[in-house]
Structure formats: C-alpha cells, structure tokens
Amino acid sequence: MAGTIKKVIALDVGSKRIGIAASDPFGTYALPVGTYTRKNLKADLAYIAALIKERAADEIVCGLPLNFDGSESAQTAYTRVFIEALQNAVDVPVFTSDERCTTAEAHNTLISENMRREKRKLYVDALAATYILEGYLKSKKSKGEEK
C-alpha cells in the first residue's frame, strides 16, 4: 500500500522576508506561493499558522542555512529560534532541510531569465523555498516515505 500523501509547505526564513512554497496535492512537486515581508515574530507566526490552515498542510519544512562546510552560523541560530517558535505555534510537524546554495540557485535562475534586480527581490525567496521543498520531497521519495 502506498504511503500517505502529505501536503507540505516550505519556508525560506530570512531576517526581512520569508519565501513560501507548497507541494501539489499529491506531494509530487513544489510550487512557489509567494514572499511574506516579516513584521514581528508574533505576526509572522500568525501568518504562517493561517497559511497552514488555509492550505491544509500536513508538514512544514524550513530551510536551515548552513555554512559550506556544514557548520552552523549566526543565521543558523537565528533560524533555529524561529523554527522553535513555529513548532510551538502550529499543530503540524516542522522539519528542517539543508538550504545551502538555494538562494544563489534562485538568483541564478532569475538572472538567466533576464529579470531585473529590483524584480528579483520579489521572487528570489519564494523560488529558494521551492528549491528547499523540491529537495525535501526528493529526499522523502528516495527514503520510501511517500508513494
């Protein structure tokens, strides 16, 4: 019997913006949802909690910014604080996924599409979240956790 299909929301958490992506209803691929401009932790968590409910998500995956050598940085610690608060604010499991190079990959994709710098700011975080989610879904599939 195939595994249970789960809807997943991915977050690329930054200090100013949070990129958001969601899986399709079958948990097969990732789609960019948008970029949320951060206000304060309470408002940010309320927004994400409402999004989880609206999209009937079963899981959240947050990108974890690691250094190239895999070690943690100040940004990693900052993101972990957000993740811990998020875990306490929502009723779905919150996972992490290595997000090394996703923002750079997103920038490169948008540059290859000849998108101007000002416009790239609007899309880069959501695209990075999409890459985080694609990696997460691929990892789950390779482990046999999904159908």
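**Exercise 1.** At the start of helix 2, which side-chain oxygen reaches to within 3.3 Å of the backbone nitrogen of Q75?

*Solution.* This is a predicted model in which local features need pLDDT of at least 70, side-chain atom pairs count only at pLDDT 80 or more, and totals for chains, interfaces and linings use all residues. Residues are numbered from 1 along each chain as its sequence is written, and side-chain values use heavy atoms, with hydrogens and water left out. The oxygen belongs to the side chain of S73.

**Exercise 2.** Describe the span and packing of helix 2.

*Solution.* Step 1: helix 2 (a DSSP run of H or I, at least four residues) covers residues 74-89.

Step 1: T76, T79, F82, I83, A85 and L86 are buried, meaning under 20% relative accessible area with a 1.4 Å probe, protein chains only.

Step 2: the partners of the buried residues of helix 2 include helix 1 (41-54), strand 1 (8-13) and strand 5 (94-98).

**Exercise 3.** Is R38 buried or exposed, and which side chain forms a polar contact with R38?

*Solution.* Step 1: R38 lies in the loop between strand 3 (30-37) and helix 1. R38 counts as buried because its relative accessibility is 15%.

Step 1: the side chains of R38 and D44 are joined by a polar contact of 2.7 Å (N or O atoms within 3.5 Å, one able to donate a hydrogen and the other to accept it; residues adjacent in sequence count only if both atoms are side-chain atoms).

Definitions and conventions
Helices (H or I, at least four residues) and strands (E, at least two) are DSSP runs, numbered from the N terminus. The expected span of a helix is 1.5 Å times one less than its number of residues. Buried means under 20% relative accessible area, exposed over 50%, partly exposed in between (1.4 Å probe, protein chains only). Contact means heavy atoms within 4.5 Å.
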